[in-house]
Amino acid sequence: MSKANKNILRSLLLLSYVVIIALVIYGFGALYSYLNTGADRSKMLHTEVKQVDQYLPELEWAPLTNEGRVIDEQTLTAIENDYLDAWYVKYVALKTNTKKGLDDYYTDNAVENIYSIISINSENKTTLEATTLEHHPNLEFFSEDGQLAVLTDHDVIEFKRIFNGETLITEVTEKSSYKVTLLLEDGFWRIRHLVKIKSEPYVVENPKEPIKISDIKGINYYPQANPWDMFGDAFDADVIASDFELIKNSGLNSIRVFVPYESFGKSNVDKDKLQQLTTLLELAETANLKVMVTLFDFYGDYSVLDWTLTQRHAKTIVNALKNHSALSSWDIKNEPNLDFESRGEALVTAWLDKMVDFVKSQDPNHPITVGWSNSESSTILKEKLDFVSFHYYEDLDQLAETYKTLKTQITDKPIVISEFGMSSYSGFWNPFGNSEDSQTDYHKTIQSIFSQNDISFMSWTLYDFTEIPKEVVGRLPWRQNAQKHFGFINKDGAKKGAFEYISKQ
Amino acid sequence: MRLKYLYITILSVLLLSTTVALQANKVGGTYELLSTQNSYTAGDVIELQFSFTGNTDVYLYCSNSYGSVVLNPDVNNSKLRFSIPQSISKKSGVLNWQLISDKTELKGQVNILPKASIKTIESYLGPPSIEAGGTDFTMLVVIPTDDLDNPLIDSTIVAIKHQFLSNQEASDVYTEHGFAYKNIYSENKSGRILISSESLNLNSKEYDVNVVPAIPTNFEINAERIHDYADGNQITTFKTNIIKDRYDNIVSDGTYVTFFITNKDGYKSKTSGATINGIATAILLQPDHEDQWSVKAYVEGMANSNTIVLNYKQAVEDFEVAFSEDKRTIIIGPLKSFMNQRVPDGLRVQLSIYKNGFLENESIESSFNGIAKFHLSPDRFPKGTYKLVLKAAGITKTYTEVRYE
C-alpha cells in the first residue's frame, strides 16, 4: 500500500471518529433536551402566553349600544384581542397551510371550515400572504352570563397576495363585513360562527389634486458626531440648533431627516425619541427651516403579516407631527427600490402603496413622496404621490437629460432630487477618488443645472463623518471611507470649497 | 463563414417568431361569465362557467367567510368550468370570486343563503341560578342552524317556552344577527324553571334554571337545655325559627347563621350553624358558674334575630379542701353538684401560687370522680411561705399562710 493511500485511510478513520463522537454528543443533547420539555405546570393555565405585538390592524369599536348585558372595558379588550388573534392565526395558517393554533381561536365546529380550506390549498399548492388593515366592529350583543358575544365587523380591509407554488398569481384588496359569534371557552373568546355579509373590491382613489409643495432648497441632515444615530442618548439639541442656524444662513430652506423604524421602537414607538423628533421640528421652526421626515429608515421586512405593525408605527409618528408647522412633507421610505431584489418588487410596491394610503388617511394635509434611489424607479406609484423624489449620484452630464425625460413621464407633479452629492475621498482605499476641488466643481455645476431647469434639491450632506454604521454601506473600507467625505464641512469643522455652492451656483 | 451567418439568421428568426407566438397567446385571452345565477342555497353545487377564446392558463380565486382558495378550470367546448368545492359552497355568506388571467380582471360574487330547514338549535342558557323576586333573570340565547352549521337567515321565528309551578308560557322571538334571545324573569317563589325552545318544528331539549330564595329576612331564635344549672357539662342548643325571604320562601340550605353570646361580664363568644330547611342549629357548653347570657344571631350582612336572655344557676355550692401532712398535696372535693351528686368528670379547678405577693405558678386540674388533686413539689416550691388561691365553679378559696418546711 502506498504512503498516500495510508494517509487517506488514516484521515478517513480520524474523520469518522470525529463524526461518530459528534453524533453521540448530538444524541445525548437531543435526549437531554427532550427530557426537559413536556408538561410544565406553569403552562397549564396559559399564564405564560407572552404579550408580543404581532398584529395591530386599525380597530375602532362603534359606540356601545349592544343588547344584553352591559359590557365592561376589560371584557371588550379580551374579545378584541382574541378576535384579532383569530385573524392572525388564520392568516398564518393560510400562509403555511398548517393548522397550528387555530383551535385556540375557533370552536371545534368552526375550525373545520378552515381545515378544509387548508386541505384544498395544500392540494393545489396555493398559499396566501394576507392581512387585515382595518376593522370597525360593532358589538351587537353580549349575553347575560358573559359567555357569548355577537359583533358585526364592518368594512374589514383585507389584503391578500395569492401564490401558486412560488409564483405570485394575484393581489387582492377587499372591503368586507362579517357577522361574528364568539363564545368564551376555557379562557379564550373563540369564533363560533363567521358569516361574510358584504364584500367589494377596495380601491383608494388617488388624489385628484396633489398637495402643492413650495420650492425646496435643502440638505439631508445628520449631526456630525452621531450620523444615523441622532435620537436617543446622543441627541443634542444645542448642536442641532446651531447646525440649523448654519443651514439657514447658507441660503437653504429645508432639511430631510430620517426616522429609523427599529430603534424608534417599531409598533411601540419610544416616547422619548418621539419627543426628540418633535424638539427637532421645533428647532427647525426657530431657524425657519422646513422638514421632510423620512419614515421607515432601515426597515426591510415588508412581509404582509408585519404590515399592521408598520401601520401602528406610522400612525404614532404621523399623528405626533402632523400639526407641526415646520413639517413640509412625508417621505415614506428611503430608497425602497434597493429592496426590490431581496424582497421582490411587487411586495415592496404593495407595501408602499398601502402605506401611502395609510399616511394620507392619518394626515391628509401634507404632501407624500417616496425617496427612490434612482430616476428609473421614480415613476413607480407616481399617481399616488403628491410629488416625486429621487436620488442622483450618477454622472452630471446626464442629469439635465434624465430630468427632462422624467418630466415627460410625470407631467403633473413636481420632481425633487432629494439626495445628490460627491465624496471628496481619495486615499489608500481609492487612490483615484475625487478631490475637494472636484467636489467643489461638482456642486457648482449641479447648482447651475438646478437653476437652469428650476429643480428642487436636497444635497447629501452637511458634514464629513468619522464613523459610519455598518448598516449604511456595509463594512467594506472603500465604501465606508467614501461615505465619510460627502460633507460640505470637513471633520475638523472647516468649510470645504463646495460650501460656497451649497445653495446657489 | 457565409453558412455561419445564414445559420445565425435562421436561428434568430426562429427564436423571434416563437417569442412573438408566445406573446400572441398571452394577450389573446378574452373571457366572459356565462353563469347567471348569483344566489344559491348552502350545499348547492355551484359552478361558474366562462366562455373564452385564447389562453386557458387561468385560475379562479374565490373567498368565502372562512378563507380563500384558488381553483383550476375544466376546459371543454370553449368553456371554462370551475366547480366550487363543497366545503366552500356549504357555508353561507358572500362568496366573491375573481378570474385571474394575464389580461382581464373579471370579478364578481354570489350570495349563499343558509338552508331553509333547521337541523339543530344551539342553545346557551345562563346564569344557571337566579334569585326569586321577579327582578333577577336568566337569558336563553338560541342559534338555529341548518345541517351545514350555518345560522339560519334573520327573522326566523323561535318560540321560547318556559314552565314554573303552575305557569307555562311561550313567546315568539325572531332571530337577528343569526340568533334570538329572551330574558326569563324569576317569580316570587323559589323553585326550578324549565326552559325549551322551538323553531321550524324542531324542539330543543329541556334546560333548567334554579330559582333560589332571595336574601333572608329577620328571624327569631330560642334555646333548649336539659337544665339551667351552670355545671360546665351540659350543652345549650340554639335554634332559629324557619328563616324565610321576603316572599316567604325558606332560605337556601346552608345559609350560615352566627350566634353571638354575651355573658354578664361583657365577654363575647360565638357559635354557628348552617340552615337545613330554614332552621339553623348551634350548640355551646354551659358555663361552670352562675352566669347570664344574652344571645343574638346574625346572617351576616343580611338579617338578624331578636335577643334572648338565659340565666344559669350555680350548681356547685361549695367544696372542701384537704391538705396532706406536709401540705404539699392538696385534695379538692368531693365536688358536689345541684343534687349533691358528684360533678361529672372534667370540672376545671385552678390553683394559683403566690410568694411575697408575686404569682409563682398557676396550674389547672380537671376533676375526676368529683376530686381534683394538686401536688407541689419541694424542688419547685422550696421552703417558705406561700399564698394559695383555689378556684372552681366560680368559687374562690384563699389560704394566705401556707408554710413549707
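Reader: Into which domains is chain A divided, and what are their bounds?

Author: Chain A splits into domain 1 (58-201) and domain 2 (217-501), with bounds taken from an automatic or database domain assignment. A word on the ground rules: this is a predicted model, where local features need pLDDT of at least 70, side-chain atom pairs count only at pLDDT 80 or more, and totals for chains, interfaces and linings use all residues. Residues are numbered from 1 along each chain as its sequence is written, while chains are lettered from A and ligands numbered from 1 in the order in which they are written.

Reader: How many residues of domain 1 of chain A are in contact with domain 2 of chain A, and what makes a contact?

Author: Two residues are in contact if their C-beta atoms, placed from the backbone, lie within 7 Å. By that rule, 11 residues of domain 1 of chain A are in contact with 8 residues of domain 2 of chain A. On the domain 1 side, β3(A) gives the largest share, 4 residues. That side divides into 6 nonpolar, 1 polar and 4 charged residues. Here Ala, Val, Leu, Ile, Met, Phe, Trp, Tyr, Cys and Pro count as nonpolar, Asp, Glu, Lys and Arg as charged, and the others, Gly among them, as polar.

Reader: Why is A62(A) called partly exposed?

Author: A residue is buried if 20 or more other C-beta atoms lie within 10 Å of its own, exposed if 12 or fewer, and partly exposed in between. A62(A) has 14 C-beta neighbours inside 10 Å, so it counts as partly exposed. Among the buried residues of α2(A), by contrast, are W87(A) and Y91(A).

Reader: Where is A62(A) found, and which residues does it touch?

Author: A62(A) is in the loop between β1 (58-59) and β2 (67-68) of chain A. Leaving out residues up to four places away in sequence, A62(A) touches H136(A) and N138(A).

Definitions and conventions. Helix = DSSP H or I, 4+ residues; strand = E, 2+ residues; numbered from the N terminus.
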